[in-house]
Amino acid sequence: SLVEKRGFRHFMLKEIHEQPGVIRDSLEDRIGDRGSPVRLGLPTDLFAGLERIYIIACGTSWHASLVGKYLIESLSGLPTEVNYASEFRYNLPPLSDRILVIGVTQSGETADTIEALKVAHQQGVRILGITNRPESSLGQKYEHIIDTRAGLEIGVAATKTFTSQLIAFYLLALQLAHLRDTQTPERIHEILTGLQQLPTHIENILDTQERYITELAREFDATRDFIFVGRGLNYPIALEGALKLKEISYIHAEGYPAGEMKHGPIALLDAAVPVVAIAVPGKVYEKVLSNAQEAKARDARLIGVAPLDDPAAVETFDQILPVPVVDELLSPILTVVPLQLLAYHIAARRGLDVDQPRNLAKSVTVE
Ligand code: G6P
């Protein structure tokens, strides 16, 4: 076959390890100079006079879109909403030619997303597609596409295509910030430089944590429920961590904004329900740590995706899956990696068909 496992036990594990290269490829020739910092090959009139953006997607692409909303709004100030394609399709908001609808679909074939784009297109909106398959139905139908360049993904649970979608959103948000003059050229440059350093950081995470997470996974052989929490732009990463785990291990997992835990999920907590909290330095770091401590008070086992050497994190968590400290804005690309590994190793230990989990398809072409 064209794509091989190259010594990895499953495609999913291989694809997790491909992420540094995928990020390098996604950035390749797309970073320019001060006058034109981002080069996505999109015409500026696609963005002229925009009032609002709607992003529509399903599954993991929907999680990437939630991070995208955060990036677009915080960097460019453009109001942005994320919708499930299957909901948007039958509940269209008021639309006009001053609205950009971004369809995000790894495969470019998901029926809900394709159909939702079609009805929006009929209302005269502008359309941008983000896909890993420019040759797909999506790519053939719409002129403006960002190719996520992740290479073919075989594992049903998306990993490298997720990180490549995030890269597309960073570039798009920076492009908008440049065009709308909402960030200084220095800040734009700083973020672009930070993006270029991410592959090395991921290589470090993979080199140092693979073995540790393999060991840690043994402790969850009897676990039936998991809770993942995060805040801000790491809230979608908590959702993604939970989705990865449930898709391939069939363990019930919920992702929650850490601040909402006290309004419901905390009732579920006891020593049998581990809580994974994403806590990285930035705007909400202390808040997440104190939310995590609330869980600890209920005897929950606490795992932190957090900096290794911070005393506050060391004191809060029973285990730390360390991620290097970077600009908070860039952190989702790092925090998702230990969660992918955790889901993978828990499922692989259970002897499950990680690459082809029951009842799931790589791309869902029925509505
Ligand atoms: C299926 C896959 C998921 C994927 C979702 C959306 O459910 O199993 O991994 O995230 O479809 O797919 P798309 O190709 O539109 O991104």
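Residues are counted from 1 along each chain, in the order its sequence is written. Because the model is predicted, local features need pLDDT of at least 70 and side-chain atom pairs count only at pLDDT 80 or more, while totals for chains, interfaces and linings use all residues.

Helices (H or I, at least four residues) and strands (E, at least two) are DSSP runs, numbered from the N terminus. Two strands pair if DSSP finds at least two bridges between them.

With that in hand, look at the open sheet of five strands in the order β9-β8-β10-β11-β12, with parallel pairing. β9 (252-257) and β12 (319-322) are its edges: each has a single partner strand, so one side of each has no neighbour in the sheet. Neighbouring strands here are turned by 20° against each other on average, direction ignored; axes are lines fitted to C-alpha atoms, for helices over the stretch in contact, and angles run from 0 to 180 degrees between N-to-C directions.

Helix α9 (residues 235-249) packs on this sheet and touches β8, β9 and β10. Its direction makes about 175° with that of β9. Contact means that two C-beta atoms, placed from the backbone, lie within 7 Å.

Now zoom in on β10 (residues 275-278). In a regular strand the side chains alternate between the two faces of the sheet. In β10, Val 275 and Ala 277 lie on one side, Val 276 and Ile 278 on the other, and all are buried. Buried means 20 or more other C-beta atoms within 10 Å of a residue's own, exposed means 12 or fewer, and partly exposed is in between, with C-beta atoms placed from the backbone.

β10 pairs in the parallel sense with β8 (residues 225-230) over three bridges, and with β11 (residues 302-306) over four bridges. Here are some bridge partners:

| Residue in β10 | Bridge partner |
|---|---|
| Val 275 | Ile 227 |
| Val 276 | Phe 228 |

β10, helix α10 (residues 285-296) and β11 together make a right-handed β-α-β unit. Right-handed means that, with the strands pointing away from the viewer, the path from the first strand over the helix to the second runs clockwise.

**The other sheet**

Another open sheet of five strands has the order β4-β3-β5-β6-β7, with parallel pairing. Its edge strands, β4 (80-84) and β7 (145-147), each pair on one side only. The twist averages 20° from one strand to the next. Strand β6 (residues 126-131) joins β7 in the parallel sense over three bridges, and Gly 129 stands opposite Ile 145 in β7.

**Around the ligand**

Which residues come nearest to the ligand? Of the 17 around it, they are Gly 59, Thr 105, Gln 106, Ser 107 and Thr 110. A residue counts as near if its C-beta atom, placed from the backbone, lies within 6 Å. Helix α3 (residues 59-76) gives the most to this shell, with three residues.

**Two residues up close**

Is Ala 177 buried or exposed? Ala 177 sits in helix α7 (residues 160-180) and is buried because it has 25 C-beta neighbours inside 10 Å. Ala 177 and Ser 76 are 101 residues apart in sequence, and 4.3 Å apart in space, C-alpha to C-alpha.

Lys 141, in helix α6 (residues 137-141), is partly exposed, with 16 other C-beta atoms within 10 Å.
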